[in-house]
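Subject: Structure handover

Hello,

Here is the structure for you to look over. My notes come after it.

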Amino acid sequence: MENEACIQKRYGVISFTSFIIGIICFFTVFITPIRIGNIGNLTGGYITFFLTVAGIVLSVMGILKKSEKKMISIISLVFSSSFFIFWVIIITLLLTGEIEWPRRIIR
């Protein structure tokens, strides 16, 4: 019989970091008092986009790592994708007529 080392799966730094970034992404996209993305500010858009990319990359790294549990990484992947989920919701609402197309007043 072969002696195989039993690898204990546990949550690592990658999982917790991606989870924290995912929570920050969710708050900056959906929670109104601290929303910095999608308000017309270019800096807020860049911050939200880079946090989204960093969260997704860390989540995928946590999912692919064999020595880590996957649950926190999967949850953080959903939270980190909130920027894209927001735009899917907005486009769906626009196409179904639930919200009106924005009008710009040119003076």
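Below is what was found, from the overall fold down to single residues.

First, the ground rules. This is a predicted model, so local features need pLDDT of at least 70 and side-chain atom pairs count only at pLDDT 80 or more, while totals for chains, interfaces and linings use all residues. Residues are numbered from 1 along each chain as its sequence is written, and side-chain values use heavy atoms, with hydrogens and water left out.

Confidence. pLDDT is the predictor's confidence in each residue, from 0 to 100. The protein chain has a mean pLDDT of 85, and 87% of its residues reach 70 or more. Helix H3 (residues 71-80) has the highest confidence, at 94. Helix H4 (residues 82-96) has the lowest, at a mean of 90.

Fold. The protein chain has 4 helices and 0 strands. Both are DSSP runs, numbered from the N terminus: helices are H or I with at least four residues, strands are E with at least two. The order from the N terminus is α-α-α-α. Contact means heavy atoms within 4.5 Å. Of the contacts between residues at least 6 apart in sequence, 67% join residues at least 24 apart.

Burial and surface. Of the 107 residues, 25% count as buried. Buried means under 20% relative accessible area, exposed over 50%, and partly exposed in between (1.4 Å probe, protein chains only). The protein chain exposes about 8200 Å². Carbon and sulfur atoms supply 70% of that area. Areas come from the Shrake-Rupley method with a 1.4 Å probe; for residues, only the protein chains shown count as cover.

Nonpolar patch. Leu42, Tyr46, Phe49, Phe50, Val53, Val57, Met61 and Phe84 make a nonpolar surface patch of about 790 Å². Patch residues have over 30% relative accessible area and no salt bridge; like charges are joined within 9 Å, nonpolar side chains (Val, Leu, Ile, Met, Phe, Trp, Tyr) within 5 Å. Helix H2 (residues 42-64) gives the most, with 7 residues. Phe49 lies in helix H2 and is partly exposed, at 35% relative accessible area.

Salt bridge. The count is 1. The rule asks for a side-chain nitrogen of Lys or Arg within 4 Å of a carboxyl oxygen of Asp or Glu. Lys65 and Glu68 meet that way, at 3.9 Å, N to O. Lys65 is partly exposed, at 36%. Glu68 is buried, at 3%.

Helix H1 (residues 13-30). Val29 sits here and is buried, at 1% relative accessibility. Val29 and Gly45 are 16 residues apart in sequence and 9.8 Å apart in space, C-alpha to C-alpha.

Best regards
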